[in-house]
Amino acid sequence: LDQKAVHPISIPQAMSAGCFMIVPDQPNLRALVGPAGVYYRTLEDVKAHILSTQAWDDKEWQRREALSMQQAEASLTDQAYADLVPTWQTLIGQQH
């Protein structure tokens, strides 16, 4: 499994759509996803997490969806915008 950190903006974007997150067990991703997802170290962990969702009822899916959306809002305001500002400044020709 690829252990490289993914670009953090894609995770809050997925969470803002209510997606349940299964992400690599890395400190930066734990901070980003928080309680809105689960973490893996091996392919077996991924399989176990996916299989565990089969037992979820509609109420649990709705709870997870709401949790993801709440975490996304917090992540987007705190993390993603701060990461994007230097890129925006570069695009418009400003030094950062």
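The model is predicted, so local features need pLDDT of at least 70 and side-chain atom pairs count only at pLDDT 80 or more, whereas totals for chains, interfaces and linings use all residues. Residues are numbered from 1 along each chain as its sequence is written, and side-chain values use heavy atoms, with hydrogens and water left out.

**The nonpolar core**

Begin by selecting Ile 11, Met 15, Met 21, Val 23, Leu 29, Leu 32, Val 33, Ala 36, Tyr 39, Leu 67 and Ala 72, the 11 residues of the largest nonpolar core. A nonpolar core here is a set of buried Ala, Val, Leu, Ile, Met, Phe, Trp, Tyr and Cys residues joined through side-chain atoms within 4.5 Å. Colour next by element: α1 (10-16), β1 (21-24), α2 (27-33) and α4 each give two or more residues to this core. The largest share, 3 residues, comes from α2. Helices (H or I, at least four residues) and strands (E, at least two) are DSSP runs, numbered from the N terminus.

Within this set, centre the view on Ala 36. Neighbours within four places in sequence aside, Ala 36 is in contact (heavy atoms within 4.5 Å) with Met 15, Phe 20, Met 21, Leu 67, Ser 68 and Gln 71.

**Thr 53**

Move to the loop between α3 (43-52) and α4 (58-91), where Thr 53 lies. Is Thr 53 buried or exposed? Its relative accessibility is 13%, so Thr 53 counts as buried; buried means under 20% relative accessible area, exposed over 50%, and partly exposed in between (1.4 Å probe, protein chains only). Residues up to four places away in sequence not counted, Thr 53 touches Phe 20 and Trp 61.

**The salt bridges**

The whole structure contains 5 salt bridges, each a side-chain nitrogen of Lys or Arg within 4 Å of a carboxyl oxygen of Asp or Glu. Select Lys 47 and Glu 44, whose closest N and O atoms are 3.7 Å apart. These two residues are 3 apart in helix α3, and therefore separated by about one helical turn. Lys 47 is partly exposed at 42% relative accessibility, while Glu 44 is exposed at 53%.

Finish with Asp 25, Arg 30 and Arg 41, which salt bridges with shared partners join into one network. Asp 25 meets Arg 30 at 2.6 Å, N to O; Arg 30 is partly exposed, at 40% relative accessibility. Asp 25 also meets Arg 41, at 2.8 Å, N to O. This second pair links distant parts of the chain, 16 residues apart: Arg 41 is in the loop between β2 (37-40) and α3, and Asp 25 in the loop between β1 and α2. Arg 41 is exposed, with a relative accessible area of 62%.
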